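Welcome! Here is a short tour of the aromatic rings in a protein structure. Take a look at it first.

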Amino acid sequence: MSNTINILITIDTDTVVKNYPNASQNSAAPTGIAHNLGYMVATGAKINSGQGTGDLSFAALVGDTVRAFATSGSDNFEAAVLLYGMPMFSGTQVFGPFNYQNFTKSTVVPNSTSAVLPAKIVDETFWFYQASVSTKGTEGYMVQFALYLRDTTTGQPVLKGYYAWDPTITVAG
């Protein structure tokens with residue numbers, strides 16, 4: 001039976017902006033960032049090592065589905081990240097092609113600002129960058145993301161630039 005493995009990627013956007021103020025404006029040539037500015041947490045898999053770090057090793061089987069999604073430290077409230085690519089650069093091609101998938105599903109939110117419970121049920125659209133596990137091995141790949149900052153006048157997200165980070169995922173069969 002195939003599993004769905006969810007990988008939450010959190011980017012330290014405050015440090016990224018501070019350390020890399022002149023970001024690429026070309027999505028095909030993103031600015032590389034330090035390895036310690038991105039963190040991964042996975043569910044739905046046996047974790048071998050690296051939970052909460054930039055190098056995540058987990059057990060998966062061919063046919064399993066991997067869903068990756070990214071956020072900033074502020075949950076995309078102040079600075080926001082949008083995952084737009086995960087191309088392989090070394091090792092074994094572990095994943096099939098990544099594509100965006102979205103699903104609208106009921107979720108819970110606080111009932112109001114004064115009474116959190118009982119929770120209110122609302123529909124929300126969830127976005128995942130999704131691929132199938134095609135073989136076992138170790139893949140070095142790029143996490144490419146666009147970083148947006150809120151305009152201090154309008155409050156609207158404005159593109160700061162394109163960045164990339166190079167974690168490693170090991171899939172053991």
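This is a predicted model: local features need pLDDT of at least 70, side-chain atom pairs count only at pLDDT 80 or more; totals for chains, interfaces and linings use all residues.

Residues are numbered from 1 along each chain as its sequence is written, and side-chain values use heavy atoms, with hydrogens and water left out.

**Phenylalanine 69 and phenylalanine 128**
- The structure holds 9 aromatic pairs (Phe, Tyr or six-membered Trp rings with centres within 6.5 Å; planes under 30 degrees apart are stacked, over 60 edge-to-face, the rest tilted).
- One of them joins phenylalanine 69 and phenylalanine 128 edge-to-face, at 5.5 Å centre to centre and 75 degrees between the planes.
- Phenylalanine 69 belongs to strand S6 (residues 65-72) and phenylalanine 128 to strand S10 (residues 120-132), so this pair ties together parts 59 residues apart in sequence; strands are DSSP runs of E, at least two residues, numbered from the N terminus.
- Phenylalanine 128 is buried at 11% relative accessible area, and phenylalanine 69 is partly exposed at 24% (buried is under 20%, exposed over 50%, partly exposed in between, with a 1.4 Å probe and protein chains only).

**Tyrosine 100 and tryptophan 127**
- The ring centres of tyrosine 100 and tryptophan 127 are 6.2 Å apart with planes at 75 degrees, so this pair is edge-to-face.
- Tyrosine 100 sits in strand S9 (residues 99-109) and tryptophan 127 in strand S10, 27 residues apart.
- Tyrosine 100 is partly exposed, at 33% relative accessibility.

**A cluster and a charge**
- Ring pairs connect Phe95, Phe98, Tyr100, Trp127, Tyr129 and Tyr141 into a cluster.
- Arginine 67 has its charged end over the ring of phenylalanine 128, 4.8 Å from the ring centre (NZ of Lys or CZ of Arg within 6 Å of the centre and within 35 degrees of the ring normal).

Conventions: Helices (H or I, at least four residues) and strands (E, at least two) are DSSP runs, numbered from the N terminus.
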